[in-house]
Every structure is written in C-alpha cells, then in structure tokens.
Amino acid sequence: MADDVTEAASSPAARPPWQRDVRILRVIAQGAFLVLVILLVQWFAYNLTTNMRRLGIRRDFAFLDQPAGYQILGSNFVASDRIRQALLVGLTNTVRVALIGMVLALILGIVVGVARLSTNWVVRRSASLYVELLRNVPPLVLVIYFYLAALAALPRIEDAATINDVIILSNRGIWLPWFDAAPGAGTFGIALIASLTLAILVARWRTRIFDATGRPHHRVLFFLLTASLTAGAGWFLLRPPVTLSLPELGERTVQGGLWLYPEYLSLLLSLVLYASSFIAEIVRGSIQAVHRGQSEAADALGLTPSMRLRYVVLPQALRIAAPATGNEFLNLTKNVSLGIAVGFAEILRVATQATGNGQPAPQLLLMVLLGYLGLSLIISFFVNVANRRLQLVER
Amino acid sequence: MATSEHTTDTAAPVAPGPRRLGARTWLHQNLFSSPLNTLLTLTVGPLVAYIAFAFLRFVLVTGRWEIIERNLTLFMVGTFPRDQLWRLWLAMSILAITAGLTAGVIGAATRAAAIAAGRPTQAHTGERIRRLGPPVALALSILVFARTATAFLGTATVVIVGAIAMRAAPRLPDRVRRQIGPIALGGVVLALLVISLFGGVPRTQWGGLLVTTYYTVAALVIAYPIGIAFALGRRSTLPLVRWVCTIYIEFFRGSPLITLLFTGWLVLPFFLPPGFRTPGLVTRALIIFILFTSAYVAEIVRGGLQSVGRGQIEAAQALGLSPWGQTRLVVLPQALRAVIPGLVGQAISLFKDTTLVLIIGQTDLLAVAQIVTKQGDFLGQGYIAESLMFVAVIYWVASYWLSRESQRLEVRLGVGER
C-alpha cells in the first residue's frame with residue numbers, strides 16, 4: 001500500500017510543485033519544529049551555564065566524591081562517607097520501601113477487593129468504607145498522621161510496651177523478632193535459589209505428564225515437597241545459617257531484632273494503605289468485569305464455587321487487573337518521595353540534604369529525577385512483560 | 001459494543017427488582033448464611049464497631065476542638081490580611097454566580113435533551129439529597145467551628161447568590177447561554193483579579209485552604225489547553241512532533257511531583273536569563289503544577305481522542321474539511337465530552353497533590369494544621385490529632401464529592417458505552 005503511493009508519487013508526471021507536495025511540506029514542518037525545540041533547549045542550557053558560572057557553582061560531578069557531612073538514619077552511613085554513597089543508600093531505601101510496599105499493598109488490596117464482593121453485609125460494607133476513606137485523603141496527610149500522631153503517641157523508650165517480650169513498641173519505633181545471618185548464610189541463599197529452581201522444574205515435569213496422559217498432576221504438592229526437602233537438607237548441611245534474633249529492651253536502648261523506625265514505618269504504612277485502597281478497587285472492578293456468562297458456564301459444568309473462582313473468574317480478572325495494578329505500583333514508587341516530609345532517607349531527602357550543605361542543586365536533582373525515571377522504566381518494563389504473558393493469545 | 005448494549009437493554013426489565021426481605025431472612029442471607037460468614041460477621045463486626053466507636057468518641061467527647069475554633073481563619077486563608085477578607089467573600093460570590101450559571105445552563109440543556117428523548121426529567125428527592133450531601137457536609141464541618149456572624153452571613157450570601165444565578169440561568173438569551181464556557185472561565189479569572197489586583201493581596205500572603213484551592217483551579221485551567229496541545233502532538237503524523245510530545249509527557253508522568261517541585265524551587269531560576277526577575281515561590285510551584293498536570297491531561301485527552309471512531313474522521317474528510325477543521329469541528333468536540341470524568345479525576349488528584357507544597361515551605365491547609373500545634377497554648381499536648389482530623393475531613397469530603405460527581409457524569413455521558 002505504502003509502496004504504491006511512493007511509486008505513484010515518485011513518477012515525475014504525478015509529482016506536484018514542491019510547495020504543494022505533502023511529503024516535502026512534512027519535512028519542512030518537522031525541520032522548523034526541530035529547530036524551534038533545539039533553540040529552546042539551547043536557550044535553557046545557555047541560561048543554566050551562565051547563571052551557574054555567574055554564581056560560582058561548579059558544573060561537573062566531582063562533588064560526588066566529597067564527604068557528605070551528614071548521617072543517614074537507619075543505616076551505618078557516617079558523615080565522612082561520600083555523597084556518591086549517600087545517594088546509593090537513598091536509592092536503596094527508596095527501592096526497599098517501594099518493593100515491600102508493593103507486596104503488602106497487593107496482598108491487602110486483593111483481600112479488600114474480594115471483601116467488597118463478599119455476600120456478607122458487614123464485610124462488604126467495611127471494605128467499601130476502607131476504600132472510600134483511604135483513597136480520598138492526600139497520602140501526605142496519612143504520612144504525617146502516622147508520624148506525628150499515631151507513632152508519637154506510643155510510650156517513651158524508658159517505659160516501652162512489649163507484646164509477650166517479643167515485640168517492643170515505643171515512640172522511637174517498633175522492634176520485631178528477626179533473623180541474624182550466620183557464617184553460612186550466603187551459601188544457604190544460593191542453595192535456596194537452587195532448590196526453588198529444582199522445585200519449579202519438578203512442577204513443570206508434572207504438568208507435562210498431566211498434559212500428555214491426563215493423570216492427576218499434584219504439581220503444587222510436588223513443588224512444595226521438593227522445595228521444602230531440598231531447602232531443609234541445605235539448612236541442616238550448612239548448620240542453621242540464620243539465628244533468631246529477639247529484641248531486648250535495655251536501659252534506654254534496644255538490642256537485636258528488626259528496628260522499624262518511625263520515619264520508615266509511617267511512610268510504609270501510609271503508602272501501603274493508600275495504594276491498597278486503589279488496588280482493591282481495581283480488583284473489584286476486574287472481577288466484576290468478567291462476563292457473567294463465564295460464571296454461569298462454570299456452574300453449568302458443575303464446578304464448585306471455589307473451582308469457579310480459581311479456574312474461571314480469577315485468571316480472567318487477573319488479565320484485566322494487571323495494567324491498572326502496574327500503574328498503581330508506579331504511583332507507589334513515586335510516592336516513596338513523600339518520605340522527605342518526615343525525614344526518611346529516600347533519594348530525594350539525601351540529595352536535598354546535600355544541597356543544604358552547599359552542593360550544586362542542578363546536578364543533584366537531575367540525578368534524583370533520573371533515579372526515579374529509571375525506577376519507573378524498570379517497573380513499566382516488568383509490568384509490560386507481565387501483561388504480554390497474561391494477554392489472550394488470539395487465534 | 002452495540003450488541004452488549006442491546007443485551008443489557010432487554011435484560012433490564014426481566015431482572016427482578018430489589019425484594020423486600022424480612023429482618024430474619026435479611027440477617028440470615030447477609031450475615032449468617034454459612035459458618036464462614038458467621039465467623040466473619042463475628043470478627044469483623046465488633047472490630048469495625050470498635051473503630052467507629054473510637055472515632056465518634058474522639059469527635060464528640062475527647063477531641064479538644066478549641067484549636068480549630070481559635071484558628072479557623074488561619075486554616076481557611078493563612079496570613080491573608082484580616083482587613084482584606086471582604087475580597088475573598090466577593091470572590092467567592094463571583095465564583096458562586098459563575099458555578100450557578102454553569103450548572104443552570106447545563107441542567108437546562110440536560111432537561112431539554114431528556115424531554116426530547118422522552119426520559120423522566122425530575123430527579124428523585126433521594127438523589128438530590130445524595131448530591132447535595134457532600135457540599136453541605138463540607139460547609140457545615142467548617143462552619144461548626146465558626147464563632148463570628150460574618151462567617152454565617154458570608155456563607156449565606158454566597159449560597160443565595162449562587163442559587164439565584166442557577167434559577168436565572170435558563171432564562172438567559174440563547175446567545176449568552178451558548179458562550180457558557182468562556183463565561184465560566186471569565187468568572188474564575190475575575191475572582192482571582194478581585195483578590196490580587198487593585199490594591200489587593202499578593203499571593204505570598206495567601207495560605208490555608210485558599211492556597212490549596214488556588215493551585216488546584218489555576219493549574220487545571222492553565223494546564224488544560226496545554227494538555228490538549230500535547231495530546232494532539234502525540235497523535236501527530238509527523239514523527240518528530242510525536243517524539244518530542246511523548247518525551248515531554250512521559251518525563252513528567254515518570255517523575256514524582258515532589259522532586260519536580262524541588263527542581264522548580266531550587267533549579268528553575270537557573271533556566272531564566274541572567275538579570276530576569278526571579279519568579280516568586282508561588283509562581284514557581286504553580287509552573288511545576290501546570291507542567292505536571294498538563295502531561296496527565298494530555299494522556300486523558302489522548303484517551304478521548306482515541307474513543308472518537310474512525311468513521312467520524314472519514315466523514316469529516318468526505319465533507320472536505322481541512323485537517324485542522326476535522327480536528328476542531330469533529331474530533332475535539334466529541335473527544336472533550338468523553339474526557340470530562342477523567343479531568344474531574346485529575347482535579348481530585350491535583351487537589352490532594354497540592355499538600356506537597358508544604359514540603360517546600362508554603363503554608364497550605366496541611367501546613368497550617370502543623371503550624372497551629374506549635375502555638376504557645378497548644379504546644380506539646382498532642383493537638384496534632386485534632387488539627388489533622390479537621391483538615392483530613394476537608395480533603396476527604398471535597399475529594400469524595402468530586403469523585404461521586406465524576407462517576408455520575410461517567411454514567412450520564414455514557415463513557416465507554418458508545
């Protein structure tokens with residue numbers, strides 16, 4: 001089609017004068033547009049460099065190797081470490097909150113979303129109350145509420161509350177039991193990955209047998225057995241690679257355990273609650289979007305309600321929900337930057353601390369923007385991969 | 001799409017209406033139909049009841065609301081000079097008249113369309129109450145803390161002039177009614193001028209809910225045409241234009257707003273020519289809000305453009321319209337109608353996002369909530385719970401109201417059903 005047009009147009013007889021030739025006009029229009037854009041960008045760049053030179057601000061990235069001059073909460077970063085490392089710590093913190101937040105928000109969102117469709121009146125109403133309450137409040141209000149009102153209302157560290165001496169609650173944070181890595185932990189991690197890979201292979205093998213012969217596959221059972229047996233073997237062979245670490249309340253300190261400091265906890269809680277209310281709506285909408293005929297067909301085939309959900313409704317709902325959920329993951333990741341309001345050391349906070357110490361803002365903010373854009377791109381990539389795998393293969 | 005519409009149409013009368021259930025049947029069906037349901041009822045029920053009880057006790061009994069009573073003006077307008085408050089009442093009256101006229105004209109048009117289509121025109125009383133509920137609740141939750149006659153008189157005036165404008169709107173000549181879009185825009189601009197021009201108050205002295213509303217309205221109004229331009233650019237057949245617009249949109253959609261606000265605060269002045277007067281903090285934040293919002297508006301409008309059927313463009317071509325004429329007269333009017341709910345959604349998220357200006361040191365509503373707890377009388381006594389609750393209710397009711405209206409519009413415009 002396109003070839004025909006080009007051929008017809010390129011024959012000399014059919015060619016209109018240049019000022020009426022659409023192809024030439026298009027080139028001219030785009031050229032003019034490009035020149036305009038380049039001029040604009042150049043003008044901005046010129047202003048930027050002139051202003052920076054005028055104010056005596058360095059225009060290179062050498063400052064990254066200077067000592068940061070501030071500490072970072074919740075890490076062993078010290079003031080004499082370099083800005084480069086500070087930004088890395090900030091990025092790690094951002095990624096950590098984003099990843100943990102996504103997992104928790106997804107779980108909570110699915111639970112609430114399914115609860116909104118429950119036949120139980122109390123459950124259904126509570127779930128819609130949850131969604132309506134949380135998604136209409138600015139997330140920053142939640143962050144500040146948890147930081148200044150909820151967590152600050154916990155007892156002081158001197159008279160911290162404990163739950164069975166296992167969990168410690170105080171206004172300096174919450175301590176949970178956690179694991180300490182023993183010498184063999186790294187090897188055990190590798191063994192764990194190997195055992196999971198093996199278990200997946202076994203599950204695939206069972207599926208192939210099922211496809212070929214129709215005999216019951218029991219692939220979940222096989223998967224769990226393989227994984228737990230090999231992982232258990234690794235655990236005992238390497239001696240326990242991790243030890244349980246219980247938080248212990250000292251005079252005014254807490255030893256061991258996992259410290260959820262208020263800045264981190266208030267940010268994580270708010271982001272999870274906020275995002276889960278949106279994910280719940282997506283889940284509800286997707287389940288409702290599965291055509292009624294599908295459920296009716298499942299009933300007609302004699303599937304039990306749980307089988308109907310497992311094999312008919314959920315797989316189709318998942319396909320509908322995936323793109324929107326991916327979008328919420330992106331929003332959650334960007335919202336990690338709210339941590340700056342309470343002093344959580346995500347990458348923006350770390351960078352603005354450096355600008356406060358007189359380091360050049362243009363470079364630092366550029367790096368923060370690139371960091372967040374990079375994260376967005378990575379998440380979009382995974383979401384797109386998931387979408388493509390979930391899409392119906394049209395025949 | 002058309003087939004599914006027909007199925008629902010024919011299915012609707014067949015489907016049984018809501019049956020009246022006896023109390024026992026209702027309880028059994030909704031709460032105790034199975035062991036699992038009983039267990040859920042008995043665990044979730046008391047939990048929710050306890051939370052509701054704690055909330056009510058806080059609001060009605062234990063809450064120390066004098067912090068709101070004493071600072072209500074601060075919450076509403078920040079450090080706006082108190083002898084200039086009449087400007088705000090005047091601006092609010094202008095906005096009420098504008099909103100009343102717009103609502104009246106749209107209402108009349110809808111009624112006319114309903115009569116032409118033979119649908120019932122009278123709304124149910126229940127629906128009216130449901131629509132009026134949120135704004136009334138919003139006004140009441142603020143007025144309940146007011147201790148001056150001015151607050152009540154002012155609110156009454158604003159409501160009355162708005163209602164009169166709404167009643168009068170259908171009687172306006174046709175010529176005027178067709179220009180309702182420009183009139184509404186003019187009203188918003190006039191209200192802003194009343195506040196800030198003619199010896200008025202510079203924006204640096206604005207605060208509280210005023211600043212929150214200002215950023216939301218100003219950014220949305222200015223970002224709207226820019227967003228349309230980028231949406232059209234992203235759908236251009238010229239690859240270079242398309243790429244540049246896509247980069248712009250994706251850059252602003254991929255960056256967190258706070259980071260952009262910081263960039264606007266710290267770096268934006270660097271991009272202006274040396275010697276150029278540096279724009280104030282408010283302007284810098286507004287520029288960022290506009291750039292950010294226009295990228296989102298562009299994506300919403302692009303969705304609307306895609307919903308316009310190919311046949312429409314072909315018909316416009318067959319009529320001999322120029323490409324620009326096709327866009328302006330055929331595509332855009334249909335696309336922009338379909339994107340109204342999306343724009344309302346964007347308005348909601350912008351309204352919530354304005355809280356971020358507190359991080360760059362401006363006194364918006366949320367910032368005031370923190371500042372008042374540092375006053376001598378309230379310092380260090382945990383008043384933050386009361387003051388955060390107050391602003392959270394304002395944010396909540398306003399967002400909830402807008403989202404309900406957007407859902408209503410979505411149903412009425414039949415988005416996604418054509």
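Helix 9 (180-196) and helix 10 (208-234) of chain B each supply at least two residues of a nonpolar patch. The patch lies on the surface of a predicted model. Helices (H or I, at least four residues) and strands (E, at least two) are DSSP runs, numbered from the N terminus. Residues are numbered from 1 along each chain as its sequence is written, and chains are lettered from A in the order in which they are written. Local features need pLDDT of at least 70, side-chain atom pairs count only at pLDDT 80 or more, totals for chains, interfaces and linings use all residues, and side-chain values use heavy atoms, without hydrogens and water.

**The nonpolar patch of chain B**

- The patch is formed by Leu185(B), Val189(B), Leu193(B), Leu197(B), Phe198(B), Val217(B), Val221(B), Ile222(B) and Ile226(B).
- Together these residues have about 730 Å² of accessible area, a value from the Shrake-Rupley method with a 1.4 Å probe, where only the protein chains shown count as cover for residues.
- Patch residues have over 30% relative accessible area and no salt bridge; nonpolar side chains (Val, Leu, Ile, Met, Phe, Trp, Tyr) are joined within 5 Å, like charges within 9 Å.
- Helix 10 of chain B gives the largest share, 4 residues.
- Phe198(B) sits in the loop between helix 9 and helix 10 of chain B.
- Phe198(B) counts as exposed because its relative accessibility is 71%. Exposed means over 50% relative accessible area, buried under 20%, and partly exposed in between (1.4 Å probe, protein chains only).

**Salt bridges**

- Side chains of opposite charge can pair when their charged atoms come close.
- Over all chains, the structure holds 13 salt bridges (a side-chain nitrogen of Lys or Arg within 4 Å of a carboxyl oxygen of Asp or Glu).
- One of them joins the side chains of Arg116(A) and Glu281(A), at 2.3 Å from N to O. This pair links distant parts of the chain, 165 residues apart. Arg116(A) is in the loop between helix 3 (83-115) and helix 4 (121-135) of chain A, while Glu281(A) is in helix 8 (residues 262-289) of chain A.
- Arg116(A) and Glu281(A) are both buried. Glu281(A) counts as buried because its relative accessibility is 15%.
- Glu281(A) also meets Arg284(A) in a salt bridge, at 3.0 Å from N to O. Both lie in helix 8 of chain A, 3 residues apart, about one turn of the helix.
- Glu296(A) forms a salt bridge with Arg292(A), with the closest N and O atoms 3.2 Å apart. Both are in helix 9 (residues 292-300) of chain A, 4 residues apart.
- Glu296(A) is partly exposed at 44% relative accessibility, and Arg292(A) is exposed at 60%.
- A network of salt bridges links Arg234(B), Glu250(B), Arg253(B), Glu299(B) and Arg302(B).

**Chain B as a whole**

- Chain B has 18 helices and 0 strands.
- Its C-alpha atoms fill a box of roughly 80 × 75 × 45 Å along the principal axes.
- Of its 418 residues, 41% count as buried.

**Helix packing in chain B**

- Helix 5 (residues 85-117) and helix 7 (residues 149-168) of chain B pack at about 25°, with axes 7 Å apart. Axes are lines fitted to C-alpha atoms, for helices over the stretch in contact, and angles run from 0 to 180 degrees between N-to-C directions.
- Helix 5 and helix 7 of chain B are therefore roughly parallel. Angles under 35 degrees count as roughly parallel, over 145 as roughly antiparallel, 65 to 115 as roughly perpendicular and the rest as oblique.
- Helix 10 and helix 16 (residues 340-353) of chain B pack at about 140°, with axes 9 Å apart. They are therefore oblique to each other.
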